[in-house]
Amino acid sequence: MATNITWHPSLTRAERTTYRQQRGLTIWFTGLSASGKSTIATALEQHLLHLGLSAYRLDGDNVRFGLNKDLGFSEKDRNENIRRIAEVAKLFADSCTIAITSFISPYRKDRLVARELHAAVNPAHPDDEPLPFIEVFVDIPLEVAEQRDPKGLYKKAREGKIPEFTGISAPYEAPENAEIVIRSHEESVEDAVRRIVEYLDSRGLLGVGKAEGKVGN
């Protein structure tokens, strides 16, 4: 760990929010592979941009082409994968962007670390409000995920070709208190996006007049 470093303070979160006219936050999608996380996250990003909000999606596969290309799928590497993404999401949220993450993130302790990171006090600006962290659990039965299996990963995992595959040979620890639970095998992508937007609006996280657009427009 680096020791000869000094934190350089910037604008307070309140100042940045005032200038940007938008609150930053992180929407953290979690769920099994093929649960529909990325599909819903992509539609949500598009809808928020349509409303004139700054939003950016961080996808589990995409970040492994760059930022996390040195990581595998052992428990240790999964821990580090989520730690890095949590730090990046916090930076986006701190810049008054809505960060949307779509990761299996199978371990409760790692998701808790991400949540606590967003709530942590900045010693340079101790009066800053915590960054909102919204956990969205895309909950589908394992057998439904296997039936979907668009990448053929479950089939390979069952054949022993993919070790430590979540839901088959590695655990998935479902959230116990997610802010939003979506059962993507029972509701449409549009309905899922609508529910998320309505939740954000109910908490005053979208800004005045920002949530008046309709999903699908």
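Colleague: What makes β4 and strand β5 (residues 180-182) a pair?

Modeller: This is a predicted model, in which local features need pLDDT of at least 70 and side-chain atom pairs pLDDT 80 or more, while totals for chains, interfaces and linings use all residues. Residues are numbered from 1 along each chain as its sequence is written, and side-chain values use heavy atoms, without hydrogens and water. β4 and β5 are joined by 3 bridges in the parallel sense, and two strands pair if DSSP finds at least two bridges between them, so β4 and β5 count as a pair. Strands are DSSP runs of E with at least two residues, helices are runs of H or I with at least four, and both are numbered from the N terminus.

Colleague: Which strand is joined to β4 by 5 bridges?

Modeller: Strand β1 (residues 25-30), which runs parallel to β4.

Colleague: Why are β2 and β5 said to stand at the edges?

Modeller: The open sheet has 5 strands in the order β2-β3-β1-β4-β5, paired in parallel. β2 (55-59) and β5 each have a single partner strand, so one side of each lacks a neighbour in the sheet. From one strand to the next, the twist averages 20 degrees.

Colleague: Which helix packs on the sheet touching β1, β4 and β5?

Modeller: Helix α8 (residues 189-202), whose direction makes about 175 degrees with that of β5. Helix α4 lies across β1, β2 and β3 (98-102) and runs at about 145 degrees to β1. Such angles run from 0 to 180 degrees between N-to-C directions, with axes fitted to C-alpha atoms, for helices over the stretch in contact. Contact means heavy atoms within 4.5 Å.

Colleague: Why are α4 and α5 called roughly parallel?

Modeller: Helix α4 (residues 75-94) and helix α5 (residues 108-119) pack at about 20 degrees, with axes 9 Å apart. Angles under 35 degrees count as roughly parallel, over 145 as roughly antiparallel, 65 to 115 as roughly perpendicular, and the rest as oblique. α4 and α5 are therefore roughly parallel.

Colleague: Which residues of α4 and α5 meet?

Modeller: E75, R78, N79, I82, A86, E87, A89 and K90 in α4 meet K109, D110, A114, L117 and H118 in α5. The contact has 5 nonpolar, 2 polar and 6 charged residues (nonpolar: Ala, Val, Leu, Ile, Met, Phe, Trp, Tyr, Cys and Pro; charged: Asp, Glu, Lys and Arg; polar: the others, Gly among them).

Colleague: Why does E135 count as buried?

Modeller: Its relative accessibility is 7%, and buried means under 20% relative accessible area, exposed over 50%, partly exposed in between (1.4 Å probe, protein chains only). E135 therefore counts as buried. E135 lies in strand β4, where 6 of 6 residues are buried. F133, E135 and F137 point one way from β4, and I134, V136 and V138 the other. Among the residues that E135 touches are W28, T30, R111 and R115. R111 is 24 residues from E135 in sequence, and their C-alpha atoms are 8.6 Å apart.

Colleague: Why does D127 count as exposed?

Modeller: At 77% relative accessibility, D127 passes the 50% limit and so counts as exposed. D127 is in the loop between α5 and β4. The C-alpha atoms of D127 and A14 are 9.1 Å apart, with 113 residues separating the two along the chain.

How values were computed: Lists of a residue's contacts leave out its neighbours within four places in sequence.
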